[in-house]
Amino acid sequence: MKSYMCVVCGFVYDEEKGLPEDGIPAGTKWEDVPETWKCPECGASKEEFEMIEI
């Protein structure tokens, strides 16, 4: 499982945790997150996220 960080605001999407409140179940891989999804903190698109190692 990987994590991806929004380069605009620093929000981290963790594949292991998902975002159940946004309808994205735990364990959802980044490539399976819809392209229309936006950062819940700042509204940035998926293109504004980079993979990070924690």
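A residue is called buried when its relative accessible area is under 20%, exposed when it is over 50%, and partly exposed in between, with a 1.4 Å probe and protein chains only. By this criterion Gly23 is exposed, because its relative accessible area is 61%. The structure is a predicted model, in which local features need pLDDT of at least 70, side-chain atom pairs count only at pLDDT 80 or more, and totals for chains, interfaces and linings use all residues. Residues are numbered from 1 along each chain as its sequence is written, and side-chain values use heavy atoms, with hydrogens and water left out.

The overall architecture comes first. The protein has zero helices and three strands, where helices (H or I, at least four residues) and strands (E, at least two) are DSSP runs numbered from the N terminus. Along the sequence the pattern is β-β-β. The radius of gyration is 10 Å, close to the 10 Å that the globule rule gives for 54 residues, so the protein is as compact as a globular protein of that length. That radius is taken over C-alpha atoms, and the globule rule is 2.2 Å times the number of residues to the power 0.38. The C-alpha trace spans about 25 × 25 × 15 Å along its principal axes.

Contact here means heavy atoms within 4.5 Å. Among contacts in the protein with a separation of 6 or more, 40% come from residues 24 or more positions apart. Of the 54 residues, 33% count as buried. The protein exposes about 3600 Å², and carbon and sulfur atoms supply 49% of this area; accessible areas come from the Shrake-Rupley method with a 1.4 Å probe, and for residues only the protein chains shown count as cover.

In soluble globular proteins, nonpolar side chains tend to be buried together. The largest nonpolar core in this model has 12 residues: Tyr4, Cys6, Phe11, Tyr13, Leu19, Ile24, Trp30, Val33, Trp37, Cys39, Ala44 and Phe49. Such a core is a set of buried Ala, Val, Leu, Ile, Met, Phe, Trp, Tyr and Cys residues joined through side-chain atoms within 4.5 Å.

Cys6 lies in strand β1, residues 3–6, and counts as buried because its relative accessibility is 1%. Leaving aside neighbours within four places in sequence, Cys6 is in contact with Phe11, Cys39, Cys42, Ala44, Glu48 and Phe49. Gly43 is 37 residues from Cys6 in sequence, and the two C-alpha atoms are 9.8 Å apart.

Cys39 is found in the loop between β2 and β3 and is buried, with a relative accessible area of 4%. Not counting residues up to four places away in sequence, Cys39 touches Cys6, Cys9, Phe11, Ala44 and Phe49. Cys39 and Glu50 are 11 residues apart in sequence and 12 Å apart in space, C-alpha to C-alpha.

The loop between β2 (12–14) and β3 (49–52) also holds Thr28, which counts as buried at 14% relative accessibility. Thr28 touches Tyr13, Glu15 and Val33, residues up to four places away in sequence not being counted. From Thr28 to Lys46, 18 residues apart along the chain, the C-alpha separation is 14 Å.

Gly23 lies in the loop between β2 and β3. In sequence Gly23 and Val33 are 10 residues apart, and their C-alpha atoms are 9.9 Å apart in space.

The protein carries 5 positive and 13 negative charges, whose mean positions are 3 Å apart. Lys and Arg count as positive and Asp and Glu as negative, while His and the chain ends are not counted; each charge is placed at NZ of Lys, CZ of Arg, CG of Asp or CD of Glu.
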